[in-house]
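Here are my notes on this model, in numbered points. Please read them with the structure open.

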Amino acid sequence: MKETGNPDIGLYMQREQNIVHAPYEKELRFYEQVKQGEVEEIDVWMREHPIGSGEGFGTLSDNPVNNLRYHIIVSIAMITRFCIEGGMDIETAYGLSDMYIRKADVIKEKEELVRMHRRMCVDFTQRMRRLKKETIYSKHIVLCVDYIHAHIHERITTGQLAQHCGLHVSYLSRLFKKETGVGIGDYIRNRKIEGAQNMLKYSEYSFSEIATFFAFSSQSHFVKVFRECVGVTPKEYRNQYYRMNWGEKKNV
């Protein structure tokens with residue numbers, strides 16, 4: 001992440017690794033929703049679960065306002081990385097990150113920090129939605145993509161998508177590939193593998209747990225598909241990237 005001019009930020013972000021966290025599954029799902037541009041879901045989530053209100057909220061500072069501020073900075077850093085992975089221009093992502101960190105740095109009240117964090121999350125999510133729909137034109141394909149993102153942890157079939165969109169299976173398959181450039185099966189597979197990559201980088205879930213989480217038929221099937229898509233096995237990927245961006249490279 002870019003330097004922000006505050007020497008304490010790096011220290012607090014490193015300490016963030018060592019505190020008790022909220023369940024990784026919920027965290028990862030939240031960041032995935034931002035990355036996928038799921039605006040309505042993020043807006044509801046932020047209203048019902050404002051930052052600092054849930055379990056696993058560690059202590060980074062004895063000062064309550066500073067504690068919340070540092071957690072928000074970590075949240076901004078995570079969202080920035082997820083959005084870059086999702087296709088957001090790097091300069092745009094880091095520009096937004098720097099802007100919101102500066103805002104957080106000058107706010108003195110917890111309530112205003114919470115409101116700023118919600119605006120930041122919705123802003124990134126809205127930008128990701130616009131980005132993802134730039135090359136998707138028809139209503140039917142938008143419905144398909146939204147359905148896939150909402151059910152990415154389930155087994156999704158072309159038949160289900162066709163029924164959801166109200167189109168014949170063969171016509172939907174042709175239309176989907178024409179507008180997205182890939183077949184439905186490949187699109188679903190790629191989105192699942194993207195999610196698995198994030199879990200390998202930012203969580204300690206086992207390969208079998210990740211396989212189950214994304215509804216692969218078995219761990220061996222997950223490993224096979226992952227290697228086909230990424231070029232390395234999940235183990236090799238985790239060894240290379242696990243929390244590397246936080247300054248901690250770990251073999252598991």
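1. Confidence first. pLDDT is the predictor's confidence in each residue, on a scale from 0 to 100. This is a predicted model. The protein chain has an average pLDDT of 83, and 83% of the residues reach at least 70. Among the elements, helix α12 (residues 219–230) has the highest mean, 96. The lowest, 44, belongs to helix α1 (residues 8–15).

2. Residues 1–5 have pLDDT below 50. In the model this stretch makes 12 contacts beyond near neighbours in sequence. For residues 245–252 the pLDDT is also below 50. That stretch makes 24 contacts beyond near neighbours in sequence.

3. The nonpolar core. How many residues does the largest nonpolar core have? The count is 65. Ile79, Phe124, Leu161 and Phe222 have the most contacts inside this core. Helix α4 (residues 64–85) supplies the largest share, 11 residues.

4. Ala196. This residue sits in helix α10 (residues 184–202). Is Ala196 buried or exposed? Its relative accessibility is 0%, so Ala196 counts as buried; the cut-off for buried is under 20%.

5. Neighbours of Ala196. Which residues does Ala196 touch, not counting those up to four places away in sequence? They are Ile210, Phe214, Phe222 and Phe226. Ile210 lies 14 residues from Ala196 along the chain, yet their C-alpha atoms are 6.5 Å apart. Phe222 also belongs to the group with the most contacts inside the largest nonpolar core.

How values were computed. Residues are numbered from 1 along each chain as its sequence is written. This is a predicted model: local features need pLDDT of at least 70, side-chain atom pairs count only at pLDDT 80 or more; totals for chains, interfaces and linings use all residues. Side-chain values use heavy atoms; hydrogens and water are left out. Helices (H or I, at least four residues) and strands (E, at least two) are DSSP runs, numbered from the N terminus. Contact means heavy atoms within 4.5 Å. Buried means under 20% relative accessible area, exposed over 50%, partly exposed in between (1.4 Å probe, protein chains only). A nonpolar core is a set of buried Ala, Val, Leu, Ile, Met, Phe, Trp, Tyr and Cys residues joined through side-chain atoms within 4.5 Å.
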